[in-house]
Amino acid sequence: MHNQPSIELKDEERTRCEVWTRVMGYHRPVASFNTGKQGEFHERCHFDEQRVG
């Protein structure tokens, strides 16, 4: 296996990642939420469903 050099970007070369989530039946960017809704988003518990059988 060949070692490839790692790529390093300067902060000004990076693109900001926008997080979207589903709320009340539609998708919206988390950044557009009010303070309370952003707090609720960060308190959410994530889980993986297990296959039955």
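A: N34 lies in the loop between strand 2 (26–29) and helix 1; helices (H or I, at least four residues) and strands (E, at least two) are DSSP runs, numbered from the N terminus. The model is a predicted one, in which local features need pLDDT of at least 70, side-chain atom pairs count only at pLDDT 80 or more, and totals for chains, interfaces and linings use all residues. Residues are numbered from 1 along each chain as its sequence is written, and side-chain values use heavy atoms, with hydrogens and water left out.

With a relative accessible area of 54%, N34 is exposed; the classes are buried under 20%, exposed over 50% and partly exposed in between, for a 1.4 Å probe and protein chains only. The side chain of N34 comes to 2.8 Å from the backbone nitrogen of K37. A polar contact is a pair of N or O atoms within 3.5 Å; within protein, one must be able to donate a hydrogen and the other to accept it, and residues adjacent in sequence count only if both atoms are side-chain atoms.

K37 also takes part in a salt bridge, its side chain meeting that of E40 at 3.2 Å, N to O. The term denotes a side-chain nitrogen of Lys or Arg within 4 Å of a carboxyl oxygen of Asp or Glu. Side chains of opposite charge can pair when their charged atoms come close. Because E40 and K37 are 3 residues apart in helix 1, about one helical turn separates them. Both partners fall in the intermediate class of accessibility: E40 is partly exposed at 45%, and K37 is partly exposed at 29%.

Helix 1 (residues 35–43) is where confidence is highest in the chain, at a mean of 92, whereas strand 1 (residues 20–23) has the lowest, at 86. These values are pLDDT, the predictor's confidence in each residue, from 0 to 100. The chain averages 88, and 98% of the residues score at least 70.

Beyond this part, the whole structure contains 2 salt bridges. One of them joins the side chains of R14 and D11 at 3.8 Å, N to O, and both R14 and D11 are exposed.

In the segment after helix 1 lies F47, which is exposed with a relative accessible area of 67%. The C-alpha atoms of F47 and L9 are 33 Å apart, the two residues being 38 residues apart along the chain.
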